[in-house]
Amino acid sequence: MKPPSSRLSVLLLVSLAAVMIATRFHHFGTALNLPDASMAVFFLGGLSLREHLYFGMFMVLAVVLDWISVSYAGVSDFCVTPAYSFLLLAYAVLWYGGRWYAGRLQASVGSLAGALAVALLAAACSFAISNGAFYWLGGRYAQPHMSEYLVRLWQWGPLFVRTTMTYVAIALAGFAVYQRVVVARSTAVER
């Protein structure tokens with residue numbers, strides 16, 4: 001996939017930021033709220049926007065949204081521990097996994113499947129980093145040990161990875177439709 005035009009970059013930036021803002025306050029989702037799309041936003045941002053500056057902007061947005069949710073929206077600060085700083089690494093895995101695959105992305109089935117595979121691997125690694133940092137360094141567990149950690153990893157990991165993959169699959173389907181309809185039409189008009 002070619003890097004997007006500056007106009008398309010702004011549209012993608014605003015769209016991804018809006019999705020993060022709309023979903024960041026609810027990790028699991030409810031009947032009224034979609035689950036947190038932050039992991040997918042970071043992967044899709046790397047895949048489409050690519051720039052390091054945009055990664056930094058999304059990191060700042062995530063921290064500001066967390067601060068607002070804890071300070072003003074009544075969200076528990078249970079997860080805000082010294083391990084919170086590991087979200088930088090966890091989100092970097094997603095962003096740079098997407099960025100790595102960006103040059104290979106096309107509207108073909110094989111290319112889209114490859115993007116999903118990279119997203120799956122990046123999401124699993126990202127969750128293992130954030131969850132592992134919280135478990136081992138967060139100070140919330142008096143006697144942490146590997147068997148308990150693995151139980152917790154398996155308890156929560158599939159939910160977070162599945163949510164991420166759902167958002168990524170929807171975005172990739174939208175990309176494929178855009179490529180088939182809009183780009184194909186504009187190419188036909190130019191001929």
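The radius of gyration is taken over C-alpha atoms, and the globule rule is 2.2 Å times the number of residues to the power 0.38. With 191 residues, a compact globule would have a value near 16 Å, and the chain has 18 Å, which agrees. This is a predicted model: local features need pLDDT of at least 70, side-chain atom pairs count only at pLDDT 80 or more, and totals for chains, interfaces and linings use all residues. Residues are numbered from 1 along each chain as its sequence is written, and side-chain values use heavy atoms, with hydrogens and water left out.

**Overall build**

- The chain has six helices and zero strands. Helices (H or I, at least four residues) and strands (E, at least two) are DSSP runs, numbered from the N terminus.
- Along the sequence, the pattern reads α-α-α-α-α-α.
- A box of roughly 70 × 35 × 35 Å, taken along the principal axes, is filled by the C-alpha atoms.

**Surface and contacts**

- Of the 191 residues, 39% count as buried. Buried means under 20% relative accessible area, exposed over 50%, and partly exposed in between (1.4 Å probe, protein chains only).
- The accessible surface of the chain is about 10,800 Å², and 70% of this belongs to carbon and sulfur atoms. Such areas come from the Shrake-Rupley method with a 1.4 Å probe; for residues, only the protein chains shown count as cover.
- Take the contacts (heavy atoms within 4.5 Å) between residues at least 6 apart in sequence: 73% join residues at least 24 apart.

**Helix α5**

- Helix α5 covers residues 109-137, which is 29 residues.
- From first C-alpha to last, α5 reaches 41 Å, close to the 42 Å expected at 1.5 Å a residue. The expected span is 1.5 Å times one less than the number of residues.

**Ser 69, in helix α3**

- Ser 69 sits in α3 (residues 52-71).
- Ser 69 counts as buried because its relative accessibility is 5%.
- A polar atom of the Ser 69 side chain lies 2.8 Å from the backbone oxygen of Asp 66.
- Not counting residues up to four places away in sequence, Ser 69 touches Phe 25, Gly 74 and Val 75.

**Gly 157, in helix α6**

- Gly 157 belongs to α6 (residues 146-190).
- Relative accessibility here is 9%, so Gly 157 counts as buried.
- Neighbours within four places in sequence aside, Gly 157 is in contact with Phe 127 and Arg 152.
- Asn 131 is 26 residues from Gly 157 in sequence, and their C-alpha atoms are 8.3 Å apart.

Notes:
A polar contact is a pair of N or O atoms within 3.5 Å; within protein, one must be able to donate a hydrogen and the other to accept it, and residues adjacent in sequence count only if both atoms are side-chain atoms.
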